[in-house]
Amino acid sequence: MYHIFRINKLRRYKRLIYLISDVKDIHNIGLNDIPKVEVADIRKLLRQKGFAVQDGFTSITTKCIICSEEKIESKKNESKLYVNKTTGYFLCPKCNNHGHWSILERLVKKSKIEGSIKDHIETTQQKLEAFNKDWQSISNETTSLIDLNEADTINLFRLFEFPHHPDATKVLSEVRVTTDHTILYFPLKNSLENIVGYRKIQAGREDEVENVGLHMAGLFHCRAPKVTRTDQAILVPTVQDVLHLSASKVPGTLIWLTNCSLPPVLLPCLEHYQKLCLWGDWDNMRSVAEKLGEERCRFVRPTDGLVTATEAANANLSLKTLISEAKPATHRSITTFASLRDDVYAELTNIEKVIDYRLWAIDYRLLITKLGSVVNWVPMRLSNVRGVKWRRFPALTKLLGGHRRGELTVLTGPTGCGKTTLCAEMSLDLALQGVTTLWGSFEIRNSRLARTMLQQFAGLPLEQNLQDFPKFADDFQKLPIFYLAFHGQQSIKVVMEAVEHARYMHDICHVVIDNVQFMLGLGDEDRYLRQDAVIAAFRTFATARHCHVTLVMHPRKERDSEDLSTSSIFGSAKASQEADNVLIIQDKRLTAVRGKKYLQVAKNRYSGDLGIVPLDFDKDALSYQAKKKSKRDDTDKLLDQCIEEFTLDKTETKPKNNTSKSNKNQKNRIQDDADSFLSDILNLNRTR
């Protein structure tokens, strides 16, 4: 019987492993995904083959090789091919052909199209036809926003919480709405104004925006009525910002960027704008400006703590004035206080005061006589909170002040204490809030790491709930988490190339390396120097690219009875010196009868607050998430306990029923116990 149970259990785990390995779009990033191109080589090859080249802000423009094969003369003149200067990725808005530079290079060099490339072109055309049919069916089943009557329009804007003004329907005239008025479809257009995708929003679930279409090579853009300026565009993160800017008649094209993310395939849509105004979260917009070309970008800095156009409009500020006063991006290597002044002010205004109250003292003598003056509450400290807060680890947020970009965090702990599991849950917590994360797991396979994070995401044992696996996997797949397809020892140059490529392509905000020793492998005596080089490389990357880096590192071999400290990190002192935050998992379960495991904040460069965070492991969910408190807090429980144990009711009442008799007997027993306790004390004094 035992063997049968064992076999069934193994089959269940095997099935789970197969299911997890079959999850598509796991976002593995390896060296094969990194194109190695030089702009000069691209330009030289195209000119040698007779293609005129024009330099742009982000791309090289030439005529499309595939469109030029067609016999229709009109299509020849309209075709344009954009080649990204950084990645070499090419895109033709006319025929929708796209791909890596290696494909375009073979097309240019050879007179005949290879079979594999021909198949790629045919597949692209089939996808284009399939999307056109999809969009046509949506158009037939929906209504244009401008065709609604005034009452339906007002109700629709109230339902989606959009600001309404007289010209709002004209601004969103191309948006489609379903018959029940619960779903909106925003068309995404490429540089030729062809619809190549759409953005779907459902009422009540506005945060879950769904992008559908041809590799997202399109943007939603509009203009306010009677605005003719075409050389300027304003990029904002929400539809509400677009409507507020259109109500103020801000000159230029209004572009909606979801989550301030800009995949490089969208750059051709913005190539013809001479001036770009970025208005949104300062940290995210800086990475967007690097792709667009900082020489043509202007920033609307936070004013009085107001970050977005919607916040500024609600404060009755002039949006036109703020756009006209947008400041250019300065050179990253040369700066003055004048250019840093807005950053300093934004940091000061983005501080949230959190008061932590504690139970200061309880006087039990007053508790017996006066319950009104039992507890004295006093404020203990103020903590500054800035950055993305951990929702699963509120105690860690209070100490560190949140997850901030541009910092380096080192996490260490003894072998087997759960460093990877804790780091996985911390990064999952941030990814659920939109922090795009790149995981470099050199110690365990990506499939096993993904399985751990998926179970933490689900909050229950997956092997016992296989019927719910597709649902959890589909939701987890939508999270902005990417994985480096490396394992074991790797060169720092190779890893940094992949990290840089992922940052450019996917707007990475958080990089996790687990762990540094496995990445270095077993080397010679120079392993300490190589580790210092790795730390220096990631320190430079975090600062220059404004990205948070978390390094998981093993400690030195210490005695089990001794606590780990910043000096316990393996290698030289460079790791603890360069790190902004040092987190140590202290595991006392094997050295003490009542030993606990907790996370110690040993270094905090932002605010200097140090302390510990208790870690209680939930094996079913593979989670260290803090358990939710009950409705009554600890103070109420303590007061109830004190009242129950020490309160003596001396009031004599006549017994009315058996219940009153039992209560009286219980009070008498309490009184007898108290008298017995006092007599014992007196006898003890006599014996002395």
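**Close-up views of a predicted model**

Figure 1. R392 is located in the loop that lies between β19 (375-385) and α14 (394-400). The structure shown here and in the following views is a predicted model. Is R392 buried or exposed? With a relative accessible area of 10%, R392 is buried, because residues under 20% are placed in that class. Leaving aside residues up to four places away in sequence, R392 touches E425, L428, D429, L432, Q456, F457, S623, Q625 and A626. For E425, the side chain also joins that of R392 in a polar contact of 3.1 Å.

Figure 2. Five strands form an open sheet in the order β2-β3-β4-β5-β6, and their pairing is antiparallel.

**Figure 3. Strand β26 and its two partners.** Strand β26 (residues 597-604) is mostly covered, as six of its eight residues are buried. Strand β25 (residues 581-587) runs antiparallel to β26, and seven bridges join the two. In this pair, V582 stands opposite K603 of β26. Strand β27 (residues 611-614) also runs antiparallel to β26, with four bridges between them. Here V601 stands opposite G611 of β27. The hairpin of β26 and β27 has six residues between the strands. Within this hairpin, G608 takes a positive phi near 85°.

Figure 4. Side chains of opposite charge can pair when their charged atoms come close. How many salt bridges does a search of the whole structure find? The search finds 19 salt bridges. One of them joins the side chains of K189 and E174, at 2.8 Å from N to O. K189 lies in strand β9 (residues 183-189) and E174 in the loop between α7 (168-171) and β8 (176-177), so the pair ties together parts that are 15 residues apart in sequence. K189 is buried, with a relative accessible area of 11%, whereas E174 is partly exposed, with a value of 40%. In another salt bridge, the closest N and O atoms of E208 and R205 are 2.6 Å apart. R205 is partly exposed, with a relative accessible area of 43%.

Figure 5. Which residues are linked with E500 and R503 in a network of salt bridges? The network links E290, E500, R503 and R545. Within this group, the side chains of R503 and E500 meet in a salt bridge of 3.6 Å, N to O. Both residues belong to helix α18 (residues 492-506); as they are three residues apart, about one helical turn separates them. R503 counts as buried at 10% relative accessibility, while E500 counts as partly exposed at 26%.

Conventions:
Residues numbered from 1 in each chain as written. Predicted model: local features only at pLDDT ≥ 70, side-chain atom pairs only at ≥ 80, totals over all residues. Heavy atoms only, no water. Pairing = 2+ DSSP bridges. Buried < 20%, exposed > 50% of the residue type's maximum accessible area, 1.4 Å probe, protein only. Polar contact = N/O pair within 3.5 Å; in protein donor to acceptor, adjacent residues only side chain to side chain. Contact = heavy atoms within 4.5 Å. Salt bridge = Lys/Arg side-chain N within 4 Å of Asp/Glu carboxyl O.
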